[in-house]
Amino acid sequence: MKKILPFLIALLMSVSFGCRAQRLSVSTNILGYAALGTMNIEGSYSISRRVSITAGAEYNPFTFRKDVPDQQIQLRQRSGSLGLRFWPWHTWSGWWLAGKGRFQEYNFGGILSKETDEGDRLGVGLYTGYTHMLSPHFNIEFGLGVWAGLDWYRTYSCQVCGITLDSGKRTFVLPDDIMISLVYVF
């Protein structure tokens with residue numbers, strides 16, 4: 001994931017130099033940072049008046065209260081997604097519907113109980129939202145979504161003990177991308 005993020009940023013920037021109209025945007029979800037510091041970025045490219053493609057990444061390397069193992073909290077993850085947005089009016093303004101494929105590597109624990117889950121998820125999601133134009137180059141976006149797929153997981157009894165309670169493969173349906181995003185349109 002560390003190698004993919006700079007590549008995505010370089011790709012989005014290189015595409016923007018050839019654009020005469022507002023065809024490219026970069027955004028970050030402010031609410032994502034409230035999820036224990038999950039950093040995120042999404043780039044979009046308008047392929048027509050009503051359709052844009054998106055690529056995004058999320059990263060959270062943080063573990064809190066690491067010095068007290070019984071109280072350790074973590075919401076670590078690396079995630080990447082590719083998707084398509086449909087805009088009934090025109091790109092970068094108004095309501096939108098989206099679909100995307102997503103991969104997530106995660107390690108969550110200590111939030112609601114001492115148990116820790118880690119694994120990999122692969123799935124697809126459906127999203128909707130509204131984009132409000134603040135100026136010709138800045139927008140604010142509100143949205144939410146849900147994603148579903150397969151989860152290859154392992155559950156531990158605590159964050160540091162290594163005692164496995166369960167492991168395997170399961171299906172999941174989870175809320176995703178509750179967002180208030182700041183968007184810059186090139």
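Two residues are in contact when heavy atoms of theirs lie within 4.5 Å. Everything below comes from a predicted model, where local features need pLDDT of at least 70, side-chain atom pairs count only at pLDDT 80 or more, and totals for chains, interfaces and linings use all residues. Residues are numbered from 1 along each chain as its sequence is written, and side-chain values use heavy atoms, with hydrogens and water left out.

**View A. Who G37 touches.** Leaving out residues up to four places away in sequence, G37 touches G32, Y59, N60 and F62. You'll find G37 in the loop between α2 (30-34) and β2 (39-46); helices (H or I, at least four residues) and strands (E, at least two) are DSSP runs, numbered from the N terminus. Now look for L75: G37 and L75 are 38 residues apart in sequence, and their C-alpha atoms are 8.8 Å apart in space.

View B. Rings of Phe, Tyr and Trp (its six-membered ring) pair if their centres lie within 6.5 Å; planes under 30 degrees apart count as stacked, over 60 as edge-to-face and the rest as tilted. By this rule there are 8 aromatic pairs. One of them is W87 with W96, a tilted pair with 6.4 Å from centre to centre and 50° between the planes. Both W87 and W96 are buried (buried is under 20% relative accessible area, exposed is over 50%, and partly exposed is in between, using a 1.4 Å probe and protein chains only).

**View C. W95 meets Y130.** Here the ring centres of W95 and Y130 are 5.0 Å apart and the planes are at 65°, so this pair is edge-to-face. Since W95 belongs to strand β6 (residues 94-109) and Y130 to strand β7 (residues 116-133), the pair ties together parts that are 35 residues apart in sequence. W95 is exposed, at 56% relative accessible area, while Y130 is partly exposed, at 31%.

View D. The charged end of R102 sits over the ring of W147, 4.6 Å from the ring's centre. That label needs NZ of Lys or CZ of Arg within 6 Å of the ring centre and within 35 degrees of the ring normal. R102 also meets E58 in a salt bridge, at 3.4 Å from N to O. What is a salt bridge? A side-chain nitrogen of Lys or Arg lies within 4 Å of a carboxyl oxygen of Asp or Glu. E58 is buried at 18% relative accessible area, and R102 counts as buried at 6%.

View E. The structure holds 10 salt bridges. In one of them, R85 pairs with E42, and the closest N and O atoms are 3.3 Å apart. With R85 in strand β5 (residues 73-86) and E42 in strand β2, the pair ties together parts 43 residues apart in sequence. R85 counts as buried at 5% relative accessibility, and so does E42 at 14%.

**View F. D151 holding hands with R170.** The side chains of D151 and R170 meet in a salt bridge, 3.2 Å from N to O. D151 lies in strand β8 (residues 138-156) and R170 in strand β9 (residues 164-185), so the pair ties together parts that are 19 residues apart in sequence. D151 counts as buried at 1% relative accessibility, whereas R170 is partly exposed at 29%. Elsewhere, salt bridges that share partners join E42, R85, K100, E141 and D177 into one network.
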